[in-house]
Amino acid sequence: TAFSISAWVVFTSPGSTIQSIVGKYNANTASEYLLFNTNGQLQVNLYDLNTSNRIQSKTDSVVFEEGRLYHVVMTYDGGEAASGITLYVDGTAPAQTKTSNGTYNAMHNTATALQFGSTVAGTFDFARNMHHVMMLSSELSSAQVLQLGSLYKAGILNVTADTFDSFGQLISWWKMDKASYDASSVLDSIGTHHGTLSGDAHIAVEYTIFGKQKTNCLWWNQRA
């Protein structure tokens with residue numbers, strides 16, 4: 001099944017760590033996908049239940065610096081081949097290598113929880129902040145990725161049915177905004193897939209990285 005993931009992220013020490021952005025990953029058991037930073041490179045793995053059987057794409061060079069805001073997107077055409085995966089950073093698809101491991105037949109719907117900034121396996125903890133995580137039920141085109149990025153300004157994402165061609169394919173949109181701050185949880189503004197905060201993750205007000213506007217985001221203070 002085709003799908004896309006989009007998020008705005010800021011890393012601490014991206015060049016020397018593996019940090020999960022979003023995924024349903026449980027090590028070698030009941031894993032579906034994982035979008036993550038690996039030593040400054042963006043990578044996504046799609047799993048056929050276990051980590052031995054997967055398709056993936058990884059940027060060929062470092063794309064992340066500490067403290068910078070990035071728009072990251074992964075798209076998948078549902079064709080069950082690595083060639084159908086594309087990674088984007090700030091609207092551009094950087095040079096990337098698409099490979100397969102083992103035997104990948106399909107991704108399966110599992111009971112593994114969707115997590116931001118960590119995994120069910122307790123690994124690959126994220127450090128710094130993120131917001132406006134989106135899940136879509138289609139493969140975004142390069143033009144739609146650019147369109148989505150153009151709707152973001154100073155922490156505000158102006159996505160509506162009038163402004164975004166793929167609005168109808170939005171499954172969930174976790175803004176991590178003031179509504180989430182007030183609720184002390186991660187609210188889904190499109191669907192009903194609301195999340196809970198755990199560990200040192202919390203919704204906070206960030207000032208310096210979002211055009212010097214006070215903007216809410218998910219923050220891992222103690223990992224910075």
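## Strand β2 and its sheet

Strand β2, covering residues 18-24, pairs with β8 in the antiparallel sense over 2 bridges, where strands (E, at least two residues) and helices (H or I, at least four residues) are DSSP runs numbered from the N terminus, and where two strands pair if DSSP finds at least two bridges between them. Within this part of the predicted model, Gly23 stands opposite Gln115 in β8.

The open sheet that holds these strands is formed by 5 strands in the order β7-β4-β3-β2-β8, with antiparallel pairing. The edges are taken by β7 (96-101) and β8 (115-116), each of which has a single partner strand, so one side of each is left without a neighbour in the sheet. Strands of a sheet pair through backbone hydrogen bonds, either parallel or antiparallel.

## How the model is to be read

The model is a predicted one, in which local features need pLDDT of at least 70 and side-chain atom pairs count only at pLDDT 80 or more, whereas totals for chains, interfaces and linings use all residues. Residues are numbered from 1 along each chain as its sequence is written, and side-chain values use heavy atoms, with hydrogens and water left out.

## The chain as a whole

The secondary structure of the protein chain comes to 2 helices and 14 strands. A compact globule of 224 residues would have a radius of gyration near 17 Å, and the 16 Å of the protein chain agrees with this; the radius is taken over C-alpha atoms, and the globule rule is 2.2 Å times the number of residues to the power 0.38. Along its principal axes, the C-alpha trace of the protein chain spans about 45 × 40 × 35 Å.

Of the 224 residues, 49% count as buried, a term that means under 20% relative accessible area, while exposed means over 50% and partly exposed lies in between (1.4 Å probe, protein chains only). Among contacts (heavy atoms within 4.5 Å) between residues at least 6 apart in sequence, 58% join residues at least 24 apart.

## The enclosed strand β6

All 5 of the 5 residues of strand β6, which runs over residues 85-89, are buried, so this strand is largely enclosed by the rest of the structure. In a regular strand the side chains alternate between the two faces of the sheet. In β6, Ile85, Leu87 and Val89 point one way and Thr86 and Tyr88 the other way, and all are buried.

The antiparallel pairing of β6 with strand β5 (residues 69-76) extends over 5 bridges, and in it Val73 stands opposite Tyr88 of β6.

Ser185 belongs to the loop between α2 (178-183) and β13 (201-206), and with a relative accessible area of 15% Ser185 counts as buried. When its neighbours within four places in sequence are left aside, Ser185 is in contact with Ser180, Gly195, Leu197 and Ile203.
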